Amino acid sequence: APMILLYARVVRHNRKPAAGAVVPTAAFLLGYLVAWLLFSLAATLLQWLLEQAGLVHGMMMWSNSHTLTAILLLGAGFYQLSPLKNTCLAHCRSPAAFLSRHWHNGRIGALRMGLVHGLYCIGCCWTLMLLLFAGGVMNLVWIAGLALLVLLEKVVPQPALVVRSTGVMLVAAGAAMLLHAAM
């Protein structure tokens, strides 16, 4: 929402009063939503495949496999520690900087910017979202915990501490789960 509001304000400021900012802002929003729709479709397909393989419970929608859970935890932990995570997070944390670096005029430019911004946002948290397969896609406590973590990463003054400590904890939890699965 902050990015969309800022984009609308910039467009409104740079256009003639009669031109308005609704259409470019709608195009920006559409691009953002297309990115998330594609991610959602991929996640839904993955859910179905994991369920068909018996790795995710059909009703509870959480992992039936210690190995799958360990892989998800390790993957999310190592991604948290990666430079790509930091790059994506930097773009999501600074809407004004994103707009100044990625500005394109017109509706197609707005659509493109929305799509790129959506991809950066997905890049911030896709592995954390995959952890829903471990704790349960419909588990409200798990969802709230992950949402809080994503929020902290985006609003605390020094996100590196949150990101790194989360990464280390996830790697440790994944390693412990992997050891448990091997026993």
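I began with M61, which is partly exposed because its relative accessible area is 24%, on a scale where buried means under 20%, exposed over 50% and partly exposed in between (1.4 Å probe, protein chains only). I noted that the model is predicted, that local features need pLDDT of at least 70, that side-chain atom pairs count only at pLDDT 80 or more, and that totals for chains, interfaces and linings use all residues. I also noted that residues are numbered from 1 along each chain as its sequence is written, and that side-chain values use heavy atoms, with hydrogens and water left out.

**Loop between α2 and α3**

I located M61 in the loop between α2 and α3 (66-80); helices here are DSSP runs of H or I with at least four residues, strands are runs of E with at least two, and both are numbered from the N terminus. M61 is not a glycine, yet I found a positive phi of about 60 degrees for it. I then looked up G58, which lies in the loop between α2 and α3. G58 counts as partly exposed because its relative accessible area is 39%.

**Overall layout**

I recorded nine helices and zero strands for the protein. The C-alpha atoms fill a box of roughly 70 × 35 × 25 Å along the principal axes. Of the 183 residues, 39% count as buried.

**Salt bridge**

How many salt bridges does the count come to? I found one salt bridge, taking the term as a side-chain nitrogen of Lys or Arg within 4 Å of a carboxyl oxygen of Asp or Glu. It joins the side chains of K85 and E153, at 2.7 Å from N to O. The pair links distant parts of the chain, with K85 in helix α4 and E153 in helix α8, 68 residues apart. K85 counts as buried because its relative accessibility is 0%, and E153 counts as buried because its value is 1%.

**Largest pocket**

I next turned to the largest pocket, which holds about 580 Å³ of space. A pocket is an open set of points on a 1 Å grid over the protein atoms alone, where a 1.4 Å probe fits, with protein on both sides within 12 Å along at least five of seven lines; lining residues have an atom within 4 Å of a point. The volume is the space filled by probe spheres set on the points. Of the 25 lining residues, I listed Y32, W36, C121, M129 and K154 as the closest to the centre. Which helix supplies the largest share of this lining? That helix is α2, with eight residues. By class I noted 19 nonpolar, four polar and two charged residues in the lining.

**Nonpolar surface patch**

I finished with a nonpolar patch on the surface, formed by L30, V34, L37, L38, L41, L115 and L119, with about 620 Å² of accessible area together. The elements that give two or more residues to the patch are α2 (22-52) and α6 (106-130). Helix α2 gives the most, five residues. Nonpolar side chains are joined into a patch within 5 Å, from residues with over 30% relative accessible area and no salt bridge. Areas come from the Shrake-Rupley method with a 1.4 Å probe. I checked L30, which lies in helix α2, and it counts as partly exposed because its relative accessibility is 47%.

Notes: Patch = residues over 30% accessible without salt bridge, like charges linked within 9 Å, V, L, I, M, F, W, Y side chains within 5 Å. Nonpolar A, V, L, I, M, F, W, Y, C, P; charged D, E, K, R; others polar.
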